[in-house]
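The points are grouped by topic.

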Amino acid sequence: MMKAAVITEWGKPLQIQEMPIPRPGPNDILVKMVASGICHSDLHEARGEWGIKSTLPLILGHEGVGCIVEFGRDVCPEKYNLKLGDLIGIQLIQGSCLKCEFCLAGRETLCMTRTSSGIHKHGSFAEYGLMNVEFAAKLPDGLDPFKSAPLYCAGVTMHKALKVSHARTNDWISIVGVGGLGSIGIKFAKLMGFRVVGIVAENDHAAAKLAREMGADEVYDGPGDQHSAFVKEKTNGGVQAAIVSVPIISAYEQALSSLRQGGRLVMIALPSTKLSISIGECIGKQLEIVGSLVGTRNDLKETLDMAQKYHIECPVQMCRLEEINEVLNDMEHSRYTGRKVIDFT
């Protein structure tokens with residue numbers, strides 16, 4: 001048996017329960033969890049806000065790192081350069097058909113049959129979990145599993161968003177929201193040669209301090225309805241790209257307004273309401289709006305390789321599995337900065 005944090009009813013606190021340790025299917029890897037980051041999307045999923053009614057009970061979590069303890073019968077470890085004891089991730093995308101036009105083009109996040117940890121399959125908020133070997137990504141040597149667990153979601157999400165922003169070296173970009181996603185995004189953005197404006201909530205001094213520590217060139221912590229004006233003043237007309245990592249419609253509106261001509265808005269946060277846009281402004285300034293969902297296997301490999309090369313560590317705070325509901329409540333009310341990571345050791 002193992003301990004797990006389980007959704008038993010939508011919108012209710014997670015239950016800490018004893019559940020059977022899963023048995024690996026033919027193409028699965030059984031992982032003994034070491035660490036798991038807690039993502040803001042876990043809060044949305046626990047409430048059933050996305051309209052994806054997964055089969056309950058369900059174990060959340062998609063930002064895990066664990067030690068391989070068993071292979072499924074059809075897994076050839078040598079083929080994937082894996083062995084017992086290796087540390088691998090349990091990330092959001094658990095599998096796809098690998099046959100459709102998107103999968104064949106290396107865009108498996110668009111596959112209509114993709115499966116996800118903590119949505120279609122049990123995730124990483126448990127002492128053991130399963131990972132599809134086709135999507136398994138080994139943690140590079142030298143990386144701390146606790147400070148690297150967020151790379152499997154927050155890290156790859158921001159790295160991919162920066163890539164699709166189409167910004168180039170020395171361009172100004174803004175990262176709106178400097179929490180678990182935005183903080184690591186600033187670090188990647190600076191390594192990619194961008195100049196960065198970090199946008200945080202009004203008077204959020206902890207987030208502003210974190211943004212500066214991660215390398216932001218400018219930081220705004222004033223009234224939310226004035227962030228566009230600040231960005232335009234500091235960047236001489238607007239940013240080439242704005243990446244929004246907070247699920248707040250007004251933040252999206254300000255980010256769109258802060259773009260220079262030909263700029264691009266990259267959407268990664270998921271508000272529950274709709275965004276109204278000025279079609280005239282989009283046409284007149286030739287703006288682009290694009291959504292970005294985590295990243296592909298190749299994006300994840302690039303993220304991990306970059307983290308290893310430049311010794312990137314995520315700003316994390318440790319917690320126990322039993323504290324999960326307290327963490328989700330604090331997350332809802334923005335009571336901490338950075339990423340909470342469950343320590344299973």
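Ser174 stands opposite Ala242 in S13, and this pair belongs to the parallel pairing of S10 with S13, which extends over four bridges. Two strands are taken to pair if DSSP finds at least two bridges between them, while helices (H or I, at least four residues) and strands (E, at least two) are DSSP runs numbered from the N terminus. The model is a predicted one, in which local features need pLDDT of at least 70 and side-chain atom pairs count only at pLDDT 80 or more, whereas totals for chains, interfaces and linings use all residues. Residues are numbered from 1 along each chain as its sequence is written, and side-chain values use heavy atoms, with hydrogens and water left out.

**The six-stranded parallel sheet**

- Six strands, in the order S12-S11-S10-S13-S14-S15, make up an open sheet in which the pairing is parallel.
- At the edges of this sheet are strand S12 (218-220) and strand S15 (288-291), each of which pairs on one side only.
- On average, and with direction ignored, neighbouring strands of this sheet are turned by 20 degrees against each other, where axes are lines fitted to C-alpha atoms (for helices over the stretch in contact) and angles run from 0 to 180 degrees between N-to-C directions.
- Strand S11 (residues 195-199) runs parallel to S12 and is joined to S12 by three bridges, with Val197 standing opposite Glu218 in S12.
- Strand S13 (residues 239-244) is mostly covered, since six of its six residues are buried; buried means under 20% relative accessible area, exposed means over 50%, and partly exposed lies in between (1.4 Å probe, protein chains only).
- S13 is also joined to strand S14 (residues 259-267) by five bridges, the two strands running parallel, and Ala241 stands opposite Arg264 in S14.

**The three-stranded antiparallel sheet**

- A second open sheet is formed by three strands in the order S2-S1-S4, and here the pairing is antiparallel.
- Strand S2 (15-19) and strand S4 (58-59) are the edge strands of this sheet, each pairing on one side only.
- Towards S4, S1 is joined by two bridges in an antiparallel run, and Val6 stands opposite Ile59 in S4.
- S1 itself is mostly covered, with five of its six residues buried.

**Helices**

- Helix H5 (residues 180-191) lies across strand S10 (172-176) and S11, and runs at about 165 degrees to S10; contact here means heavy atoms within 4.5 Å.
- In H4, 10 of the 11 residues are buried, so this helix is largely enclosed by the rest of the structure.
- The buried residues of H4 include Ala154, Gly155, His159, Lys160 and Val164.

**Loops and backbone geometry**

- The peptide bond from Leu56 to Pro57 is cis, with omega near 0 degrees, and Pro57 is found in the loop between helix H1 (40-47) and S4.
- His166, in the loop between helix H4 (154-164) and S10, has a phi near 65 degrees, a positive value in a residue other than glycine.
- His166 is exposed, with a relative accessible area of 51%.
- Asn203 likewise has a positive phi, near 60 degrees, in a residue other than glycine, and Asn203 lies in the loop between S11 and helix H6 (205-214).

**The second largest pocket**

- The second largest pocket has a volume of about 360 Å³, a volume being the space filled by probe spheres set on grid points that are joined across faces, edges and corners.
- Among the 16 residues that line this pocket, Tyr80, Ala136, Ala137, Lys138 and Lys301 are the closest to its centre; on a 1 Å grid over the protein atoms alone, where a 1.4 Å probe is used, a pocket is an open set of points with protein on both sides within 12 Å along at least five of seven lines, and lining residues have an atom within 4 Å of a point.
- The lining divides into nine nonpolar, two polar and five charged residues, with Ala, Val, Leu, Ile, Met, Phe, Trp, Tyr, Cys and Pro counted as nonpolar, Asp, Glu, Lys and Arg as charged, and the others, Gly among them, as polar.
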